[in-house]
Amino acid sequence: MPRYMDDFNQPPAPFSVLNPVDGDTITSLDDPAFVDQTIGTETVKTLLVNWTEAVDEADDTVTYEVMISPEGPEEPLVTRDTALYIPIPEEKPWDMNGTYELYVVATDLLGEVRNSDTVTVTIDLKAPPEVKFADIVLVDGTPKFYAEFSMPILRDLSNYEFLDYSAGGATSDPTAIDSVAPNAILLSGDLSEDHWVALAYSGVAGAEDTASTPLTTVDTTWGINVLIPYSGTHPVDEAKTIESFESDVGLFKALTFSGSTVGITDASSFAVSDEAAYEDPNPVR
């Protein structure tokens with residue numbers, strides 16, 4: 001029969017997280033939070049997470065699970081040691097950028113649980129320009145490749161190449177580059193109608209990066225269909241055409257056109273945009 005409270009199973013003893021340090025902001029892969037670890041035959045960069053023991057006087061066997069939010073690892077991080085080494089994506093470590101909360105759950109063999117303290121850590125690694133949105137648009141009927149980057153960039157035509165999946169992966173160099181915004185460009189070149197084309201880019205530097213060796217990346221956008229509506233390959237269906245809107249509003253009327261409409265005042269205004277359509281010039285219903 002139990003004589004004291006200690007004779008009953010108790011939760012694991014209080015314990016605390018040692019690394020990463022609460023409130024730390026990691027800005028470099030050289031930060032002490034990252035350590036080199038040999039996994040198999042390779043040495044990889046990992047995030048060190050360790051903590052004090054959560055063992056009570058009964059010397060329980062304790063299993064630890066590391067909890068990370070938001071968007072922690074998909075697989076449970078479970079160990080009986082007091083340390084875990086979490087591999088990081090070395091090709092694009094900046095993909096981890098964000099602020100995270102981390103704590104450890106200790107569970108003994110009878111299911112009693114104790115949580116550690118919660119630490120907050122921010123990862124803010126320098127990132128190179130990357131394409132966040134891409135499309136093929138029509139400018140005066142000519143297809144051009146539009147690429148929008150994650151930051152303002154320096155324009156250099158030599159950083160780009162078209163990859164034509166429909167032509168067996170053939171490549172071609174763009175012939176011209178135009179700036180649409182500090183972080184967006186239009187590229188001219190061999191964009192064959194109805195082909196699926198991607199943009200490969202390498203060495204694109206950020207506009208504010210004045211270092212002699214700016215941080216860059218090598219990547220390729222998704223494939224995009226070179227669609228030219230109303231061309232010989234895609235004749236317009238005139239029965240469904242409303243208006244072109246390229247020079248005027250056509251049959252569309254001002255707000256005060258209907259004399260019987262209730263709720264429109266004589267002071268209502270009507271304006272026509274002076275911007276040209278980039279894609280389909282004939283909206284259809």
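## Exercises on salt bridges and strands

The side chains of Lys92 and Glu130 meet in a salt bridge, with N and O 3.2 Å apart. This is a predicted model in which local features need pLDDT of at least 70 and side-chain atom pairs count only at pLDDT 80 or more, while totals for chains, interfaces and linings use all residues. Residues are numbered from 1 along each chain as its sequence is written, and side-chain values use heavy atoms, with hydrogens and water left out.

**Exercise 1.** Find which parts of the chain the pair Lys92 and Glu130 links.

*Solution.* Start with the rule: a salt bridge is a side-chain nitrogen of Lys or Arg within 4 Å of a carboxyl oxygen of Asp or Glu. Side chains of opposite charge can pair when their charged atoms come close. Lys92 lies in the loop between strand E7 (83-87) and strand E8 (98-108), and Glu130 in the loop between strand E10 (119-123) and E11, so the pair links distant parts of the chain, 38 residues apart. Strands here (E, at least two residues) and helices (H or I, at least four) are DSSP runs, numbered from the N terminus.

**Exercise 2.** Work out which network of salt bridges Lys92 belongs to, and how accessible its members are.

*Solution.* First, look for another partner: Lys92 also forms a salt bridge with Asp219, the closest N and O atoms being 2.6 Å apart. This pair too links distant parts of the chain, as Asp219 sits in strand E18 (residues 218-220), 127 residues from Lys92. Put together, Lys92, Glu130 and Asp219 are linked in a network of salt bridges.

Now check accessibility. Buried means under 20% relative accessible area, exposed over 50%, and partly exposed in between (1.4 Å probe, protein chains only). Glu130 is buried, at 7%. Lys92 is partly exposed, at 21%, and Asp219 is partly exposed as well, at 24%.

**Exercise 3.** Asp36 forms a salt bridge with Lys45. Decide whether each residue is buried or exposed.

*Solution.* The closest N and O atoms of Asp36 and Lys45 are 3.2 Å apart. Asp36 has a relative accessible area of 51%, so Asp36 is exposed. Lys45 has 15%, so Lys45 counts as buried. The count of salt bridges comes to 3.

**Exercise 4.** Work out the order of the strands in the open sheet, and name its edges.

*Solution.* Two strands pair if DSSP finds at least two bridges between them. Go pair by pair:

- E11 and strand E12 (residues 142-149) pair in the antiparallel sense over 8 bridges; Val139 stands opposite Thr142 in E12.
- E12 and E16 are antiparallel over 4 bridges, with Glu148 opposite Ala184 in E16.
- E15 and E16 are antiparallel over 5 bridges, and Ala176 has Ser188 in E16 as its bridge partner.

The order of the 4 strands is therefore E11-E12-E16-E15, with antiparallel pairing. The edge strands, each pairing on one side only, are E11 (131-139) and E15 (176-181). E15 and E16 also form a hairpin, with 2 residues between them.

**Exercise 5.** Explain why strand E16 (residues 184-188) is largely enclosed by the rest of the structure.

*Solution.* Look at each face in turn. Ala184, Leu186 and Ser188 are buried on one side, and Ile185 and Leu187 are buried on the other. With 5 of the 5 residues buried, E16 is therefore largely enclosed by the rest of the structure.
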